[in-house]
Amino acid sequence: MIEASKQFESVFRNHHKLLCDFAFNFVRDKDAAKDIVQDVFLKLWKNINNVEMSEHIGNYLFKATAHTALNHLRGNERMFRIEDNSDFDRNMALSQDTNGTEFSELEVLVERAIDRLPPRCKVIYLLSRHEGLKNRKIAETLGLSIKTVENQMTIALEKLRNEILPYIKHEIILIFGMVGALLAQ
Amino acid sequence: MIEKFSGRIVPDDDKLLSEWISASVENKLLFETLQKIWDSTPGKIHHPEPDTEAEWLRIQLKIQSENKKVSIKSNLRWYAIAASVALLTLAGLYIFRKPAAEFHAITFSATDKVVDFYLPDSSRVWLNINSELRYYENFGREKKEVILKGEGYFLVRPDVIPFSVETSLATVRALGTEFNLRSTDSSAVVSVTRGKVEIVGGRTKMELKKGQSATVSRTQSIKNQNTLSDVASWRGIGDIEYGEERRSPEKFLMIENTTRKNKIDQTVVEGSILNSAAQTTYRKFELKITYVKSNGRSYTVIVPLDGPLKPGERISYRKRLPDAFSKTRPVRVEIGKVEVK
């Protein structure tokens with residue numbers, strides 16, 4: 001039993017920061033992100049006898065965090081107006097160091113639009129865009145069918161497109177039905 | 001399309017996509033728009049203040065409150081120990097209640113003095129200077145595990161539940177024994193004074209009996225035959241119990257004797273004396289033999305014995321009384337003067 005708690009501590013220390021990053025990208029709230037990671041580890045601790053602390057633990061933690069973040073988003077579905085949230089702009093400012101350049105206006109727009117996506121949609125889109133996961137992997141991570149994931153991706157792109165369309169130079173009226181059909185290919 | 005954006009698209013699909021794009025202007029624009037969205041999605045950002053250290057403490061507290069269901073029985077025992085240890089309050093003794101990840105951890109530390117105390121199962125432990133022993137709340141339920149840093153002497157109560165002491169290099173398992181265990185960064189040395197232990201360390205597993213010792217290092221393990229003499233001589237430093245051994249040696253020198261009459265009708269008193277002290281060695285001591293002759297007078301004979309008699313050692317003696325042809329009433333054998341080392 002003594003061994004288990006030592007292992008648990010080392011797993012915690014090895015993965016904590018990464019999982020906070022991961023959760024933070026979904027919920028955009030530093031405290032919420034930390035709470036999510038706490039919940040994940042607490043759950044791991046409760047199941048400590050059933051879970052093997054092997055190298056696959058990262059996988060488990062990844063899935064658990066995605067799930068927990070999704071639940072959090074669902075629970076907090078306030079109409080969160082990003083323009084009013086100073087935190088958001090600060091976040092954007094803080095992450096400038098990743099590539100040194102400032103976020104363009106378009107990027108800011110897309111960011112806001114993503115944040116306005118429905119929870120499941122948002123998580124799926126970010127898993128695809130940030131983590132580079134294929135639809136099949138996303139389905140497995142969240143326990144959904146591939147079809148659901150594909151549909152949600154379609155919805156995500158459609159919504160994003162709608163949000164930014166007024167701002168893009170090339171404006172053209174597209175048939176919405178066509179969009180749906182084409183994206184499903 | 002996402003495959004294309006991510007740069008993962010396979011050639012066949014790429015061809016299909018290109019065909020689709022060039023099929024109409026709308027297609028092309030749609031593609032470009034979506035590409036723009038994809039590319040303009042800001043990359044993953046980092047959490048500004050993960051505070052891993054603080055978060056680790058926070059989760060430990062949460063786990064602790066999860067585990068607050070402690071059985072009353074073990075709780076009482078803990079308080080009993082706490083009370084008796086509180087009485088000891090030597091400068092060198094500290095108790096920590098650390099919020100351990102799974103159960104409450106109870107830690108005993110000896111800093112500048114040797115300390116001794118009892119474990120919840122009444123096993124006794126002495127800790128040498130700069131040593132530490134820890135066990136968890138669940139001690140004694142299914143296992144009896146303690147973690148030792150430094151040096152300790154263990155008097156383990158016989159029990160069916162196995163007792164084990166874990167150190168960085170080796171773990172010692174015992175069932176009703178006495179042994180000394182010294183652990184450093186590079187080695188673990190076990191010396192057995194009573195009973196049997198099993199020592200597991202690195203790639204080896206050894207069984208040791210009384211009088212044997214073993215040294216386990218990272219690379220090897222060696223077994224030795226040992227005299228019991230110097231085992232745990234460190235315990236003598238400033239300890240209450242050992243004061244007793246020095247003040248009242250007669251309590252620790254156990255006498256065995258038989259009497260008989262020899263051919264010329266002298267009483268022969270013979271037997272052995274065992275030094276049952278844990279630590280003190282007795283240099284010289286006297287046996288006082290008191291007897292009453294048939295004339296009714298009592299006489300005392302002093303038998304001087306030379307030591308040194310170390311803890312656990314036995315010395316034999318035989319004395320013929322000057323009571324030939326006399327009916328001597330029962331003889332009393334006691335310890336007289338004792339010189340302590």
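Which ring does the charged end of B:Lys293 sit over? Select B:Tyr299: the charged end of B:Lys293 is over that ring, 5.1 Å from its centre. A charge sits over a ring here if NZ of Lys or CZ of Arg is within 6 Å of the ring centre and within 35 degrees of the ring normal.

Some ground rules before moving on. This is a predicted model, where local features need pLDDT of at least 70 and side-chain atom pairs count only at pLDDT 80 or more, while totals for chains, interfaces and linings use all residues. Residues are numbered from 1 along each chain as its sequence is written, chains are lettered from A and ligands numbered from 1 in the order in which they are written, and side-chain values use heavy atoms, with hydrogens and water left out.

**Stop: a strand in chain B**

Is it open on one face or covered on both? Buried means under 20% relative accessible area, exposed over 50%, and partly exposed in between, with a 1.4 Å probe and protein chains only.

Look for B:Tyr118 opposite B:Arg124. The two strands form a hairpin with 5 residues between them, and B:Ser122 in the turn has a positive phi of about 75°. Next, show β7(B), residues 151-155: 4 bridges join it to β4(B), antiparallel, and B:Gly152 is the bridge partner of B:Leu127.

**Stop: aromatic rings**

Across all chains, the count comes to 16 aromatic pairs. Rings of Phe, Tyr and Trp (its six-membered ring) pair if their centres lie within 6.5 Å; planes under 30 degrees apart count as stacked, over 60 as edge-to-face and the rest as tilted.

Select A:Phe22 and A:Phe26, an edge-to-face pair at 5.0 Å centre to centre with 75° between the planes. Both lie in helix α1(A), residues 2-27, 4 residues apart, about one turn of the helix. A:Phe22 counts as buried because its relative accessibility is 3%, and A:Phe26 because its own is 2%.

Then jump to B:Phe108 and B:Tyr135, which are stacked at 6.4 Å centre to centre with 20° between the planes. B:Phe108 lies in β2(B) and B:Tyr135 in β5(B), so the pair ties together parts that are 27 residues apart in sequence. Both residues are buried, and both belong to one aromatic cluster whose members include B:Phe117 and B:Phe154.

**Stop: the cores**

A nonpolar core is a set of buried Ala, Val, Leu, Ile, Met, Phe, Trp, Tyr and Cys residues joined through side-chain atoms within 4.5 Å. The largest has 64 residues, and A:Phe8, A:Phe26, A:Phe41, A:Tyr125 and A:Leu127 touch the most other members. Its largest share, 11 residues, comes from α1(A).

Centre on A:Tyr125. Leaving aside neighbours within four places in sequence, A:Tyr125 is in contact (heavy atoms within 4.5 Å) with residues including A:Ile114, A:Met153, B:Ile37 and B:Trp38. Apart from this core lies another of 32 residues, among them B:Ala110 and B:Leu169.

Notes. Pairing = 2+ DSSP bridges.
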